Amino acid sequence: MTTESEPDRITDPWGARTPYRRGGVWPPRLDMQLAEGVEAADVDRWVPSASVLHSNGDAFDIAVRDDRIVGVRGRIGDRVNHGRLDPKDLYGWQATAAPDRLTTPLIRDGDRLRPCDWDTAMNRIVSRTRELLDAHGPESIGFYTSGQLFLEEYYTLAVVARGGIGTNHLDGNTRLCTATAAESLKQSFGCDGQPGSYTDIDHADVIALYGHNVAETQGVLWSRMLDRLAGPQPPALICVDPRPTPVAQHATVHLAPLPGTNVAVMNALLHELIANDWIDRDYIAAHTVGFEDLAAAVSDWTPQRAAEVCGIHADDLRHAAHLLGTAEHLVSTVLQGFYQAHQATAAAVQVNNVHLLRGMLGRPGCGVLQMNGQPTAQNTRECGADGDIAGFRNWSNETHVAELARLWNVDTDRLSHDSPPTDAMQMIQLAESGDLRMLWVSATNPAVSLPELARIRRILAQDSLFLVVQDIFATETTELADVVLPAAAWGEKTGTFTNADRTVHISEQAVQPPGTAKSDLEIFLDFARRMDLHDRDNAPLPPWHDPESAFRAWQQCSADRPCDYRGITYQRLRDGGIQWPCPPDRPDGTERLYQDGRFYAAPDYCENYGKDLVTGDPWDEDRYRDFNPDGKAMIKPAPYLPPPEEPAPEYPLALITGRTIYHFHTRTKTGRTPQLQQAAPEVWVEISAADAKDADIDDSDLVRITTPRGSIVARARRTGIRPGVIFVPFHYGYWDTSDDEHARAANELTRTEWDPASKQPLFKTAAARIELTESADHR
């Protein structure tokens with residue numbers, strides 16, 4: 001076992017290699033980081049937790065000394081990381097002790113926010129809520145939450161918003177990062193839930209990554225892949241990404257398509273699989289519907305045709321298809337490069353189609369992972385704190401809605417609506433029109449993370465909107481709020497959360513929150529009590545009072561649903577992560593879904609009835625029953641459509657946005673972590689050498705990037721990114737800068753439009769131009 005106690009994990013973010021062979025067990029490696037001057041022997045206690053700055057779910061223990069968090073240590077025995085931690089895990093804990101934490105509520109007094117006590121803040125919220133309910137009804141109120149709270153908090157919020165207030169307006173910022181993951185899984189398998197497992201990496205002979213820069217979004221999972229590459233029988237890697245990411249640099253085949261052409265890439269790969277008969281016809285016949293439609297749709301998508309559309313080489317497409325078609329054990333992962341585009345769901349579904357054509361599901365090394373971007377994104381989807389209802393139930397199935405109403409002991413009418421649960425982008429539209437009059441934002445920063453920021457700031461600041469913001473730091477969004485509520489951070493509260501391969505972990509309270517800050521669970525329950533929310537028997541709604549009682553209630557809600565938690569307990573989680581579904585007869589959880597070729601797609605059980613992948617129009621129950629009466633997996637084709645905003649003479653470049661390994665979301669935590677902030681202190685733009693030469697731009701020059709929506713200024717980096725494309729990280733906002741002259745938030749540039757099926761915004765489909773502002777020589 002390798003031990004890394006104080007490595008330089010900024011310059012070497014993935015740490016030392018521990019090579020292993022295909023089918024072997026990933027060797028452990030203990031990563032630990034403690035505050036200066038603190039040794040492991042000095043630690044008073046170690047408190048179990050897991051990563052909250054990415055979606056991998058790395059398990060670790062929090063080091064506590066003198067009632068302060070002083071470091072972290074990876075958990076050797078955990079199935080996800082075997083002791084490893086990434087840079088955000090190792091250093092991000094320092095942010096909780098930052099001196100500018102929110103410690104007391106704030107209320108707006110004219111043009112400023114002033115401190116107040118909790119009664120004053122909550123009474124203002126409750127008074128406004130009641131006024132709106134009386135005058136305009138529950139649809140005047142919306143809740144916009146996070147991908148960073150705990151399961152117990154999301155479930156409580158869902159009960160409060162849907163069962164108590166009766167609003168249909170509840171979504172998470174997971175709409176920006178993982179909505180397409182959920183939608184693509186529902187379209188193919190009838191329900192959310194990742195089919196694969198991280199351990200499939202140990203068995204794969206081909207790993208295909210579609211728009212997934214795993215090296216920077218899930219560093220420990222990339223370490224696992226690197227260790228396979230360093231061992232005997234290394235897998236082949238296929239990378240689909242316009243950028244020369246670390247994944248691309250290790251790839252056997254790197255496809256770098258023009259942004260917005262992912263469906264064309266996928267159609268060509270599927271064409272080759274069928275044309276060469278690299279498919280499992282017995283599996284297709286026994287377990288799927290829709291193959292004939294797909295075969296017809298991709299029949300003319302030759303590699304040559306796709307190469308011309310995508311700006312790549314036909315031979316590279318053929319090579320990638322050969323690897324996919326001849327793999328014995330194929331693992332595919334998908335993330336934002338596919339999700340944040342105009343045909344997001346259509347492209348992600350085609351990746352599922354590859355596995356259905358090849359019959360590669362439910363076996364070691366045969367799985368697909370439609371990845372998440374945030375640590376608890378999976379929980380928003382399970383708990384109904386996004387555009388779904390709790391327990392992966394179908395909002396348009398009256399039996400499912402009635403079942404949830406019985407569980408919560410509320411009238412079915414409270415939960416029944418004529419339209420799907422409202423997505424975040426639609427809520428913003430409703431606020432813009434004045435129909436949504438109150439928005440409660442928890443643990444997210446939409447004034448930096450949503451697209452077309454000038455519009456977002458205008459909407460959030462308008463007088464007709466009562467804005468409540470619940471967070472641990474002052475942000476660009478709290479500055480616009482009418483009431484600000486100080487929340488407890490990770491390590492200051494207890495709860496559970498689920499990562500991208502369905503592994504549930506517990507994070508226990510290690511220290512007290514600062515000042516009068518409260519956990520998000522306490523805040524939601526306090527609101528419910530002050531509002532006197534109650535069920536049909538006049539009992540308090542929700543009836544629980546602490547994290548563990550909330551978790552037990554969630555277990556009841558999840559019973560006999562795909563995400564069954566009944567076999568999971570707080571005590572068992574203290575020994576390590578457990579994958580759902582975990583019903584009573586499978587107390588150790590379930591590593592892979594669909595091992596028996598049976599899916600969660602039966603018409604009476606499925607999470608939704610499907611959608612048109614082009615228009616987003618929902619199917620009704622009759623159409624679904626006709627298409628899939630036996631609940632098989634669904635193979636759905638999609639025509640390629642050009643992106644809605646292509647480069648043109650005025651804006652000749654394609655802009656994409658994304659992440660760096662050193663920061664998370666809008667940097668409210670990582671920007672306050674010295675090592676991480678020093679590693680990536682300012683926004684930059686990546687540009688190819690050819691495009692830089694044309695624009696007379698050198699490395700470190702200050703440049704202006706402009707789209708039809710706005711401009712920002714950033715430092716130039718010449719990289720191997722494909723010509724015609726530029727990249728800007730989206731993390732940077734304005735809370736930590738006094739420079740009023742230069743905008744730097746990437747979402748000043750991005751489009752308001754979204755994918756029609758998943759409603760995920762198009763952060764990777766924009767036309768831009770770039771020009772020199774100041775030569776680096778003049779800095």
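These legends accompany an overall view and several close-up views of a predicted model.

**Figure 1. Overall view of the chain.** The predicted chain contains 26 helices and 28 strands. Its radius of gyration is 25 Å, close to the 28 Å that the globule rule gives for 779 residues, so the chain is as compact as a globular protein of that length. The C-alpha trace spans about 70 × 70 × 60 Å along its principal axes. Buried residues make up 67% of the 779 in the chain. Among contacts with a separation of 6 or more, 74% are between residues 24 or more positions apart. The accessible surface is about 25500 Å², and carbon and sulfur atoms account for 46% of that area.

**Figure 2. Charged side chains across the structure.** The chain carries 75 positive and 111 negative side chains. The centres of these two sets lie 1 Å apart. Side chains of opposite charge can pair when their charged atoms come close. A search of the whole structure gives 50 salt bridges.

**Figure 3. Close-up of the salt bridge between Asp-388 and Lys-186.** The closest N and O atoms of Asp-388 and Lys-186 are 2.8 Å apart. Asp-388 has a relative accessible area of 9% and is buried. Lys-186 is also buried, at 5% relative accessibility.

**Figure 4. Close-up of the salt bridge between Arg-224 and Asp-202.** The side chains of Arg-224 and Asp-202 meet with an N to O distance of 2.9 Å. Arg-224 belongs to helix H6 (residues 219–230), while Asp-202 sits in the loop between H4 and strand E10 (206–210). The two residues are 22 positions apart, and their pairing links distant parts of the chain. Arg-224 counts as buried at 1% relative accessibility. Asp-202 is buried with a relative accessible area of 5%.

**Figure 5. Close-up of the salt bridge between Glu-432 and Arg-455.** Here the closest N and O atoms are 2.9 Å apart. The pair links helix H18 (residues 424–433), which holds Glu-432, to helix H20 (residues 453–461), which holds Arg-455. The two residues are 23 residues apart. Glu-432 is partly exposed at 35% relative accessibility, whereas Arg-455 is buried with a relative accessible area of 9%.

**Figure 6. Close-up of a salt-bridge network.** Salt bridges link Arg-79, Asp-200, Asp-501, Glu-591 and Arg-592 in a network.

Figure 7. The bond from Leu-541 to Pro-542 is cis, with omega near -5°. Pro-542 is located in the loop between helix H21 (520–530) and helix H22 (547–558). A cis peptide bond also joins Trp-580 and Pro-581, with omega about 0°. Pro-581 is in the loop between strand E21 (578–579) and helix H24 (621–627).

Figure 8. Phe-392 is not a glycine, yet its phi is positive, at about 55°. Phe-392 is buried, with a relative accessible area of 0%. Ser-700, likewise not a glycine, has a positive phi of about 75°. Its position is in the loop between helix H26 (689–694) and strand E25 (702–707). Ser-700 is partly exposed, with a relative accessible area of 31%.

**Figure 9. Close-up of the surroundings of Thr-174.** Thr-174 occupies the loop between strand E9 (170–172) and H4. At 2% relative accessibility, Thr-174 is buried. Leaving aside residues up to four places away in sequence, Thr-174 touches Ser-146, Gly-147, Ala-179, Gln-374, Ala-377, Thr-380 and Asp-386.

Conventions:
Residues are numbered from 1 along each chain as its sequence is written. This is a predicted model: local features need pLDDT of at least 70, side-chain atom pairs count only at pLDDT 80 or more; totals for chains, interfaces and linings use all residues. Side-chain values use heavy atoms; hydrogens and water are left out. Helices (H or I, at least four residues) and strands (E, at least two) are DSSP runs, numbered from the N terminus. The radius of gyration is taken over C-alpha atoms; the globule rule is 2.2 Å times the number of residues to the power 0.38. Buried means under 20% relative accessible area, exposed over 50%, partly exposed in between (1.4 Å probe, protein chains only). Contact means heavy atoms within 4.5 Å. Accessible areas come from the Shrake-Rupley method with a 1.4 Å probe; for residues, only the protein chains shown count as cover. Lys and Arg count as positive and Asp and Glu as negative; His and the chain ends are not counted. The place of a charge is taken as NZ of Lys, CZ of Arg, CG of Asp or CD of Glu. A salt bridge is a side-chain nitrogen of Lys or Arg within 4 Å of a carboxyl oxygen of Asp or Glu.
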